[in-house]
Amino acid sequence: MTMIVGTNNQGKLQEIQSAYPVDQVSFFPYTDFTQKTCEVAETGQTYTENALIKAQFYAKIIGQPVLADDGGLEIEAFPEILGVQTARFFKSNMTASEKNQQLLRLFESQEALSRKITLHAVLAYAWPNGECLISAQELHGELTRKEIGTLGYGFDKIFYLPEKQKTLAQLPTIQRNLLSPRVTALKELIEKIKEQQ
């Protein structure tokens, strides 16, 4: 099976590509099928709406089915920020580490606040005719007090898993993929696609 991925985020693409052996499922960036890089306006009010907007946009441009995702981090102590607006909460061109430091600063001098966090992922697979499939998953954890670990990307260094006593960035790819809401949703989605074939 081959799938086209509608994303400009190399971290997401690599995570998706690592989810399956190449001889089972091969994932290619949409840029392999078009001459230009496209930015899609995420105007939806939910992760599902945004994932669909992206998948349908790329599917129409390329004329083939496309996989796209949306997701975000939600912080229990600050429910009004992040979430669906996660990507827009940060200034453009910030590094992952700069974003992590910005989140950690929210808790300065507020040690009593809950540090519970949830990572959301919604994947959409859209055909050019508008038909689509959706899968959603989430992962619960706690925000660390500093970056810990060297693996992964994005929020992995500040996403602590109490049951593992490690951050996502301390786990090897295989273990991280077993927990990743994006990878879990991807595997569920691929099963749905196979059922339709």
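**Figure 1. Buried face of helix α1.** In helix α1, which covers residues 10–17, the buried residues are G11, K12, L13, E15 and I16. Buried stands for a relative accessible area under 20%, exposed for over 50%, and partly exposed for values in between, with a 1.4 Å probe and protein chains only. The model is predicted: local features need pLDDT of at least 70, side-chain atom pairs count only at pLDDT 80 or more, and totals for chains, interfaces and linings use all residues. Residues are numbered from 1 along each chain as its sequence is written, and side-chain values use heavy atoms, with hydrogens and water left out. Helices (H or I, at least four residues) and strands (E, at least two) are DSSP runs numbered from the N terminus. The buried residues of α1 pack against the strands β1 (2–5), β2 (26–29) and β3 (66–75). They also pack against the helices α2 (47–62), α5 (173–179) and α6 (181–196). An α-helix has 3.6 residues a turn, so residues three or four places apart point the same way.

**Figure 2. N-terminal cap of α1.** N9 caps the N-terminal end of α1. A side-chain oxygen of N9 lies 2.8 Å from the backbone nitrogen of G11, and G11 is itself one of the buried residues of this helix.

**Figure 3. T2 in strand β1.** T2 is found in strand β1 and counts as exposed because its relative accessibility is 55%. T2 and V25 are 23 residues apart along the chain, and their C-alpha atoms are separated by 5.5 Å. Not counting residues up to four places away in sequence, T2 touches S26 and F28; a contact requires heavy atoms within 4.5 Å. Strand β2 spans 26–29.

Figure 4. T118 lies in strand β4, which runs over residues 116–126. With a relative accessible area of 14%, T118 is buried. Its side chain makes a polar contact with the side chain of H140 at 3.0 Å. A polar contact is a pair of N or O atoms within 3.5 Å; within protein, one must be able to donate a hydrogen and the other to accept it, and residues adjacent in sequence count only if both atoms are side-chain atoms. Beyond four places in sequence, T118 touches G72, L73 and E74, then E138, L139 and H140, and also F159.

**Figure 5. E142 in strand β5.** E142 lies in strand β5, residues 132–143. Its relative accessibility is 33%, so E142 counts as partly exposed. Leaving aside neighbours within four places in sequence, E142 is in contact with R115, K116 and I117, with I158, F159 and Y160, and with P162. From E142 to E15 the C-alpha distance is 21 Å, across 127 residues of sequence.

**Figure 6. R88 in helix α3.** R88 sits in helix α3, which covers residues 86–89. R88 is partly exposed because its relative accessible area is 39%. Residues up to four places away in sequence aside, R88 touches E42 and N50.

Figure 7. Most residues other than glycine have a negative phi, and most peptide bonds are trans. N93 is not a glycine but has a positive phi of about 70°. N93 belongs to the loop between α3 and α4 (96–105), and counts as exposed because its relative accessibility is 78%. S109 likewise has a positive phi, near 65°, without being glycine. S109 lies in the loop between α4 and β4; at 79% relative accessibility, S109 counts as exposed.

**Figure 8. Overview of the protein chain for locating the close-ups.** The secondary structure comes to 6 helices and 7 strands, in the sequence order β-α-β-α-β-α-α-β-β-β-β-α-α. The C-alpha trace spans about 50 × 35 × 25 Å along its principal axes. Of the 197 residues, 45% count as buried. Among contacts with a separation of 6 or more, 61% come from residues 24 or more positions apart.
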